[in-house]
Amino acid sequence: MTERVHPGDSPPTSGEHSVPKLATSSPEKPAPQPGTYVIQIPKDQIYRVPPPGNAHRYAHLSKRKPRRSTSRSCCCCLLTTILALLLAAAIAAAVIYFVFKPESPNYSVESVAIKGFNLTSQSPLSPEFDVTVRAHNPNDKIGIYYEKGSSVKVYYDDINLCNGALPAFFQPTNNVTLFKTALKGSEIELNNAVLGTLSDQQNKGAVPFSLKLRAPVKIKVGSIKTWKITVKVTCKITVDKLTAASKVASNDCDYGVDLW
């Protein structure tokens, strides 16, 4: 059989040179755009926390503003606690009231002996009042401790004439106690108008005075004693004359309490 002969590659023509084929490689990384720079830093010089020399520049980043939700929750807890305490106190007071049924004590001025008044002289006075006060505790289950630190004062038209104090004592339940106190004043100056008014009132048999009593007390309920509270008594009294044999023509006493 006749063999076919394939023509080989034709040799390059004159002026043409064969170009060797280069081995293909992966595409190169794109070059940075003009005006930009790439800085390479070793890994051991990268800090997650600023170095001590530059820490002050980033201190403001670590300061966080307080959350409103936290402050609101604290306020709600505080208000809830206060309301719970007030409710518990109200319930306790209601229980005490219905169980013990407390009643206010009664006070009155039984007698007054007066010395040291000379209405015909303009010299300073040193008046003395020996006052007997009647205290009635009508409660069946409550006693009263009268503590030290009390005060008793007698006034005439806002002029403080004399001062004194009550004795300390315990008043049991359903008890009436009469206690005497000596009130003294010194160097009390009264002008002619006041002396003349006192003289006229004595002639009429009605000289008005005001007695103010303040006494710290503790209430005993069963075996429990309360904190100190202040009893305030103000009595408007009228006597017939300014002597040791004077008699109380009228008296009207108001009673109040300071719990704190």
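The second largest pocket of this predicted model holds about 170 Å³ of space, where a pocket is an open set of points on a 1 Å grid over the protein atoms alone, with a 1.4 Å probe fitting at each point and protein on both sides within 12 Å along at least five of seven lines. Its volume is the space filled by probe spheres set on the points, which are joined across faces, edges and corners. The lining, made up of residues that have an atom within 4 Å of a point, consists of Tyr155, Tyr156, Asp157, Asp158, Pro208, Phe209, Ser210, Lys212, Lys236 and Ile237. Two or more of these residues come from each of the strands β4 (151-156), β8 (207-221) and β10, and β8 gives the most, with four residues. By residue type, the lining divides into five nonpolar, one polar and four charged residues, if Ala, Val, Leu, Ile, Met, Phe, Trp, Tyr, Cys and Pro are counted as nonpolar, Asp, Glu, Lys and Arg as charged, and the others, Gly among them, as polar.

Residues are numbered from 1 along each chain as its sequence is written, and side-chain values use heavy atoms, with hydrogens and water left out. Because the model is predicted, local features need pLDDT of at least 70 and side-chain atom pairs count only at pLDDT 80 or more, whereas totals for chains, interfaces and linings use all residues.

The secondary structure of the protein chain comes to two helices and eleven strands, these being DSSP runs numbered from the N terminus, with helices (H or I) of at least four residues and strands (E) of at least two. From the N terminus on, the elements follow the order α-β-β-β-β-β-β-β-α-β-β-β-β. Of the 260 residues in the protein chain, 25% count as buried, a term for a relative accessible area under 20%, while exposed stands for over 50% and partly exposed for values in between, with a 1.4 Å probe and protein chains only. Among contacts (heavy atoms within 4.5 Å) between residues at least 6 apart in sequence, 65% join residues at least 24 apart.

The structure holds one disulfide, defined as a pair of cysteine sulfur atoms within 2.5 Å, and this bond joins Cys235 to Cys253 with an S to S distance of 1.9 Å. The pair links distant parts of the chain, since Cys235 lies in strand β10 (residues 229-239) and Cys253 in strand β11 (residues 248-258), 18 residues apart. The link is right-handed, with 110° about the S-S bond. Cys235 has a relative accessibility of 2% and therefore counts as buried. Leaving aside neighbours within four places in sequence, Cys235 is in contact with Val109, Phe209, Ser210, Leu211, Asp252 and Cys253; the C-alpha atoms of Cys235 and Val109 are 7.6 Å apart in space, although the two residues are 126 residues apart in sequence. By contrast, the sulfur of Cys75 is too far from any other for a bond, because the closest cysteine sulfur, in Cys76, is 6.9 Å away. Cys77 is likewise in no disulfide, the nearest cysteine sulfur, that of Cys74, being 6.5 Å away.

Gln171 lies in strand β6 (residues 169-171) and is buried, because its relative accessible area is 0%. Not counting residues up to four places away in sequence, Gln171 touches Ala135, His136, Asn137, Gly143, Ile144, Tyr146, Val176 and Thr177. The side chain of Gln171 also reaches the backbone oxygen of Asn175 at 3.2 Å.

Most residues other than glycine have a negative phi. In Asn174, however, phi has a positive value near 45°; this residue is in the loop between β6 and β7 (175-184) and counts as partly exposed, because its relative accessibility is 47%. Phi of Glu187 is also positive, near 55°, and Glu187 is placed in the loop between β7 and α2 (192-204). With a relative accessibility of 59%, Glu187 counts as exposed. Ile224, in strand β9 (residues 224-225), likewise counts as exposed, because its relative accessibility is 57%. The C-alpha atoms of Ile224 and Ile142 are separated by 10.0 Å, and the two residues are 82 residues apart along the chain.

How values were computed. Polar contact = N/O pair within 3.5 Å; in protein donor to acceptor, adjacent residues only side chain to side chain.
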